Amino acid sequence: MIKLWSVKKDEEAANKKKPRMTAAQLRVQKDLTELELPSTMTTHFPDPADVLNFTLTITPDEGIYKGGVFKFTFVISGGYPHEPPKVRCTQKVYHPNLDLEGNVCLNILREDWKPVLNLSSVMIGIQYLFLEPNPDDPLNKEAAEDLRRNREGFIRNVQNSMKGGTVKGETFDRVLK
Amino acid sequence: MTAAVLNGVPNGIASSSSSSSKLASYLSDETRFASIDKILDRKGPWTDERFEGGQGTKDFLRTQSKILVIGAGGLGCEILQNLALTGFNDIHVIDMDTIDISNLNRQFLFREVDVGKSKALVAAEFVMNRVPGVKVTPYHGKIQDHPISFYEQFNIVVAGLDSISARRWINATLVQMAQEDEEQLKPLIDGGTEGFKGQARVILPTVTSCYECSIDMLTPPTAFPICTIANTPRLPEHCIEWASVLEWPKVHKDKKLDTDDPDHIEWLYQQASARAAQFKIEGVTWALTQGVVKNIIPAIASTNAIIAASCCNEALKIATACAPYLNNYMMYVGNDSVYTYTFEHEKRPECPVCGGESLTAEAGRYWTLERFIESLTNRQDLQISKPSLSYSKGALFWPSPPDVFEATKPNLDKLLSDLLDEEEGIVVTDPALPVSVNLSIKYVDAEEPAQ
Ligand SMILES: [Zn+2]
């Protein structure tokens, strides 16, 4: 058999013991190193030793959802960044792009995910949903209809829902600061 | 050809005396390798200058080399067959799966009575029965459960996997082995198929581009917009995804969906069928349900045969140096015709597995971690300002995010030599680095701690 190590071109430094990190972990470390979040977003790691599971808190400082505190869980699998992170909202929120179970309708979390995207792109994308709810990609059809038909009424309903009120027979979680 | 080889002969063949003498004469008949010998006895026009040929090369192939096959499925069956018939004699195979009835159309080492049994065990048994003299050692289980020392025993690793995560794992493991000790450079021959398409590649860890280098080339798993699934399904796949992505967590709360559990698939199938009926969509079947949730792309027997043949061809060339090996990526497209394209996939400098520099950092034995990090940020050749450091136990010191910073801050005041074992490496990332730097520490003094 060919002595394959003789095909190595240059000598590298000796004894390079590398910590046993998976490619996904390394990529997450890199993503988090580069993460520069605006003051409206904070991360929380329940177990700082496990960087693959954390929550993101968004407190929009403008728009219809201003005044609310919204929490999302991030679960990153060993397939990252080939697979997108799994993101859910932990509260029941009246929003066209969130369903009552916490599923999020954001294209880069599913059909438009690419490995060149990173955690920052996902976080910015989610925050954008609170600044510009998109009635054309509805996950909560009633909320989307509401927004499309009567923006003023929709804003009132959002405000009511954020106080823990009931909209169209559905009671929402109180999310005010 | 002595005891070691006969060990591999299953009892079925060697038991009766007449068949054992028949076996002995078969094994001693050197002409059974006549066709392979033709390329091992003399040089060809493109043969590597290091090729010696003759008995030494044959002995290496037939009595010394040890080859590991990962996966005993569609590709694995073909690979095992080819390697055994090529003259590899000490073959090891690992697979965590058991045989399913749907495998039998192409995984030809299995029969109906084998359904439910370990793929690795049945495949090994079959090959040893069919090709007397060959020893195949099976391992039923996950590749991740074997330590690095397990992989050190092999000369070549051939992977015929359908799982991206398993491929990434073996790739990262073999790259790390070669980084730590270049004599542990094990060529990885990776075969993969998807329907009528496939690829075979030769990865020389740390020398050529690795599997991770090309991860961006992969098509991400098909996913449909979640709002389409929720509101406007048009395809049977939309109904199945509705059942698995939206309905399962809603109804089963924290119970995780197990795509290997037939009861779970049945539940999804029932839900998806009901939704399909509601939206007048046709085509939801049990098999499609399983295919969508497990992201199965139909396997084509001929594609497997072509890719496996290419992989085994490379294994023979690397083991014997009888011809130049593939450099380094062959893709095959059989959709419309038979098309292959071979190119050199280049190493990606920012590859998280094989990219990134390896540097040695000098440090005093009594330095604190803080002082060590300061010395890193002062290095001209690194140009980093806000490094995150990890070691074997996880984060060593990360300046952000805040929770990880708080958890790792106490390490700053600790002595480097208390935190790290001798020879233990550190992975450093920084916004200024394309990927990461692997640091190994060299203690240069024995000064006493400052009072
Ligand atoms: Zn690489």
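Reader: Where does Lys253(B) lie?
Author: Lys253(B) sits in the loop between α11 (236–252) and α12 (262–278) of chain B. Helices here are DSSP runs (H or I, at least four residues) and strands are DSSP runs (E, at least two), numbered from the N terminus. The model is predicted: local features need pLDDT of at least 70, side-chain atom pairs count only at pLDDT 80 or more, and totals for chains, interfaces and linings use all residues. Residues are numbered from 1 along each chain as its sequence is written, chains are lettered from A and ligands numbered from 1 in the order in which they are written, and side-chain values use heavy atoms, with hydrogens and water left out.

Reader: What is phi of Lys253(B)?
Author: Phi is near 50 degrees. That is a positive value in a residue other than glycine.

Reader: What makes the arrangement around the zinc ion tetrahedral?
Author: Start with the donors. They are Cys210(B), Cys213(B), Cys351(B) and Cys354(B), each through SG, at 2.2 to 2.3 Å from the ion. Donors are N, O and S atoms within 2.8 Å of the metal (3.2 Å for Na, K and Ca); water is not among the atoms, so sites may look incomplete. Four donors count as tetrahedral if all angles lie between 85 and 135 degrees. The angles at the zinc ion run from 95 to 120 degrees, so the arrangement is tetrahedral. The ideal angle for four tetrahedral donors is 109.5 degrees.

Reader: Which spacing do the donors of the zinc ion follow?
Author: The spacing along the chain is C-x2-C-x137-C-x2-C. Distant parts of the chain are linked: Cys210(B) lies in the loop between β6 (197–203) and α10 (226–231), and Cys354(B) in the loop between β8 (339–343) and β9 (357–364), 144 residues apart.

Reader: Why is α5(B) called oblique to α14(B)?
Author: The axes of α5 (residues 54–64) and α14 (residues 301–320) of chain B come within 9 Å and cross at roughly 130 degrees. That makes α5(B) oblique to α14(B). Angles under 35 degrees count as roughly parallel, over 145 as roughly antiparallel, 65 to 115 as roughly perpendicular and the rest as oblique. Axes are lines fitted to C-alpha atoms, for helices over the stretch in contact, and angles run from 0 to 180 degrees between N-to-C directions.

Reader: Which residues of α5(B) and α14(B) meet?
Author: Thr57(B), Phe60(B) and Leu61(B) of α5(B) meet Leu316(B), Ala319(B) and Thr320(B) of α14(B). They divide into four nonpolar, two polar and no charged. Contact means heavy atoms within 4.5 Å. Ala, Val, Leu, Ile, Met, Phe, Trp, Tyr, Cys and Pro count as nonpolar, Asp, Glu, Lys and Arg as charged, and the others, Gly among them, as polar.

Reader: What makes α3(A) and α4(A) oblique to each other?
Author: The axes of α3 (residues 141–149) and α4 (residues 151–162) of chain A come within 5 Å and cross at roughly 135 degrees. α3(A) and α4(A) are therefore oblique. Ala143(A), Asp146(A), Leu147(A) and Arg149(A) of α3(A) touch Arg151(A), Gly153(A), Phe154(A) and Asn157(A) of α4(A). By class, this contact has three nonpolar, two polar and three charged residues.

Reader: Which residues does the cis peptide bond with omega of about 5 degrees join?
Author: Tyr80(A) and Pro81(A). Pro81(A) lies in the loop between β3 (70–75) and β4 (86–89) of chain A. In chain B, the bond from Asn327(B) to Asn328(B) is cis, with omega near -15 degrees. Asn328(B) is in the loop between α14 and β7 (329–333).

Definitions and conventions. Tetrahedral: all angles 85-135°; square planar, octahedral: opposite > 155°, others 65-115°.
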